[in-house]
Amino acid sequence: MSNNTKTGIISLYSDVKATPIKWLWYPFFAIGKISLLQGDPGDGKSTMMLRLIAELSNGGVTPDGQALGRPQRVLYQCSEDGVADTIKPRLEACGADCRNVAFINEELYSGLTLDDERLRQAIIEFRPRLVVIDPIQAYIGSDSDLQIAGRARKLMSRLGMWASTYDCAIVLIGHLNKKEGTKGLYRSLGSIDVVAAARSVLQVERHSDNADVRIVRQIKNSLGPSDGEIWFEINATSGFKWVETGKQAISPIATQTVEKPKFQSKLEMAAYWIKKILENGDVLSKEVYSQLSELGIGKKTAEEAKKTLGIKSFRVMRRWYWSIENKSGESKGEVTHDGE
């Protein structure tokens with residue numbers, strides 16, 4: 001089939017390269033997508049998220065034992081708690097590496113909104129793997145913005161574009177409305193367009209027999225199975241802990257049994273992380289060097305490991321990429337310096 005249009009606005013799906021979904025935590029939070037974590041005030045949404053942020057900042061594991069890989073950066077924007085007297089102590093109590101967790105100081109940059117250009121600039125500068133907005137209601141222009149379908153759709157569209165462009169998962173934390181007894185997807189505050197734009201929706205509920213136990217049910221997943229479930233407990237005596245369920249073993253024991261790899265040399269360490277960085281597809285050479293630098297691996301060691309692994313470089317539109325696969329017709333072979 002030939003394309004006879006003169007405007008060039010038509011694209012063929014045959015020209016599109018299919019790519020797999022990349023997951024921050026399968027099947028709950030996907031890279032490049034928006035997810036929604038909702039529940040009633042005081043049900044532990046922020047506490048749960050801080051635990052995940054701590055694991056991510058250290059390269060730990062998810063509650064169900066999935067390895068998160070190398071330490072990742074997180075942008076955590078929260079309006080409901082004080083930075084110095086609440087959020088920082090909570091992060092430290094969770095064991096977070098606070099060097100990998102950032103925020104926009106709203107004392108200096110007031111009036112921050114969900115589609116604020118300053119938020120996009122922060123993502124560009126910090127390059128987080130996860131962006132958390134807590135709660136969504138605090139970062140909209142007015143109370144009516146989420147109620148108006150057109151405005152809500154525009155907000156979510158722009159936010160989704162940032163998630164995709166800058167390769168990060170965006171999680172919006174939201175409070176439920178008071179329409180009890182209605183379907184969970186319709187208990188979100190604001191227009192249904194907010195829920196429609198989210199690829200995954202998690203809802204926190206208190207256990208009917210034990211008020212200390214929370215059940216986090218995935219009530220929507222557009223990218224995979226939607227029967228996931230997470231349990232945790234918040235107790236005045238013992239604090240926070242993940243709870244084992246019939247579906248998944250998500251207890252602190254799972255975290256303790258996962259060992260981080262031990263390396264005999266910097267070269268071995270570089271080879272390991274290069275394979276991790278490229279496991280989901282080709283990556284810009286600049287990004288590879290940047291990620292390795294954060295791990296204390298210099299460019300010379302990176303190049304040596306690249307050669308040992310047989311990693312190829314190829315250029316597209318003046319931008320160099322690294323690839324584990326041999327790109328026939330594109331690869332320029334081993335390139336010591338990728339021009340970036």
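This is a predicted model: local features need pLDDT of at least 70, side-chain atom pairs count only at pLDDT 80 or more; totals for chains, interfaces and linings use all residues.
Most peptide bonds are trans. A cis peptide bond also links D134 to P135, with omega near -10 degrees, and P135 is placed in the loop between β6 (130-134) and α4 (149-165).

Helix α1 covers residues 45-58, and its 14 residues reach 21 Å from the first C-alpha to the last, close to the 20 Å expected at 1.5 Å a residue. How much of α1 is covered? The helix is mostly covered, since 10 of its 14 residues are buried; these are K45, S46, M48, M49, L50, L52, I53, A54, L56 and S57, a set that includes the lysine K45 as well as residues such as L50 and I53. Just after α1, G59 adopts a positive phi of about 70 degrees.

Most residues other than glycine have a negative phi. Against that background, R127 has a positive phi of about 50 degrees although it is not a glycine; R127 sits in the loop between α3 (117-126) and β6, where its relative accessibility of 37% makes it partly exposed. D167, likewise not a glycine, has a positive phi of about 55 degrees and is found in the loop between α4 and β7 (169-175). With a relative accessible area of 26%, D167 too counts as partly exposed.

Two packed helices are described by the angle between their axes and the distance between the axes. Helix α7 (residues 266-278) packs with helix α9 (residues 299-309) at an angle of about 65 degrees, and their axes lie 9 Å apart. Angles of 65 to 115 degrees count as roughly perpendicular, and α7 and α9 are therefore roughly perpendicular to each other. The crossing of α7 past α9 is right-handed. On the α7 side, the contact is made by K266, L267, A270, A271, I274 and K275, which meet T301, A302, E304, A305, K306 and L309 of α9. Sorted by class, this contact has seven nonpolar, one polar and four charged residues, with L267 and I274 of α7 and L309 of α9 among the residues that meet there.

Terms used:
Residues are numbered from 1 along each chain as its sequence is written. Side-chain values use heavy atoms; hydrogens and water are left out. Axes are lines fitted to C-alpha atoms, for helices over the stretch in contact, and angles run from 0 to 180 degrees between N-to-C directions. Helices (H or I, at least four residues) and strands (E, at least two) are DSSP runs, numbered from the N terminus. Angles under 35 degrees count as roughly parallel, over 145 as roughly antiparallel, 65 to 115 as roughly perpendicular and the rest as oblique. A crossing is left-handed if the near helix is turned anticlockwise from the far one by less than a right angle, and right-handed if clockwise. Contact means heavy atoms within 4.5 Å. Ala, Val, Leu, Ile, Met, Phe, Trp, Tyr, Cys and Pro count as nonpolar, Asp, Glu, Lys and Arg as charged, and the others, Gly among them, as polar. The expected span of a helix is 1.5 Å times one less than its number of residues. Buried means under 20% relative accessible area, exposed over 50%, partly exposed in between (1.4 Å probe, protein chains only).
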